[in-house]
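Dear colleague,

I am passing on a structure for you to look at, and below it you will find some notes on what turned up. Please read them with the structure open beside you.

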Amino acid sequence: PEGRVGRQAAAMASLLPWCGQLSPLLAEHIRTGDEDAARGLCRFFAELGEACAFFIVNGAAGQLPPSAGVPAEQAAATAAQVTQVLLRASAHPVPEVAEISFNFWYVCMIEICDRSDEPGRDAA
């Protein structure tokens with residue numbers, strides 16, 4: 001996980017500004033009923049979340065390894081921001097759009113279960 005978390009931290013750092021800009025757009029597209037635009041944004045956020053699930057789960061728990069190079073508070077805030085936008089995506093009124101985010105939740109569940117299987121580690 002050491003190399004993986006470094007790559008995920010770098011990805012999150014470079015994509016986080018986009019998340020901040022795109023999150024309100026997702027809310028707007030949901031509000032106006034623009035299903036195609038919402039679908040694309042949901043896909044973007046879901047792919048980001050799935051690719052960085054280790055960072056999100058461990059960052060939220062404040063237990064990223066030092067190799068991540070991210071302060072615990074920043075990691076927790078980043079994890080919360082991505083998780084909140086994926087919650088919004090999961091609540092989309094069109095089931096086919098909402099389900100785009102479902103695999104993210106599954107991948108996070110696997111990461112949480114892996115954490116609880118490690119000796120001396122608590123689940124997130």
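Arg31 forms a salt bridge with Glu28, with 2.7 Å between the closest N and O atoms; the term stands for a side-chain nitrogen of Lys or Arg within 4 Å of a carboxyl oxygen of Asp or Glu. This is a predicted model, in which local features need pLDDT of at least 70 and side-chain atom pairs count only at pLDDT 80 or more, while totals for chains, interfaces and linings use all residues. Residues are numbered from 1 along each chain as its sequence is written, and side-chain values use heavy atoms, with hydrogens and water left out.

Arg31 and Glu28 are three residues apart in helix α1 (residues 2–32), and are therefore separated by about one helical turn; helices here are DSSP runs (H or I, at least four residues), numbered from the N terminus. Arg31 counts as exposed at 61% relative accessibility, whereas Glu28, at 34%, is partly exposed (buried means under 20% relative accessible area, exposed over 50%, and partly exposed in between, with a 1.4 Å probe and protein chains only).

The structure holds two salt bridges, and the other joins the side chains of Glu35 and Arg39, at 2.6 Å from N to O. These residues are four apart in helix α2 (residues 35–51), so about one helical turn separates Glu35 from Arg39. Glu35 is partly exposed at 29% relative accessibility, and Arg39 is also partly exposed, at 22%.

With kind regards

Key
Helix = DSSP H or I, 4+ residues; strand = E, 2+ residues; numbered from the N terminus.
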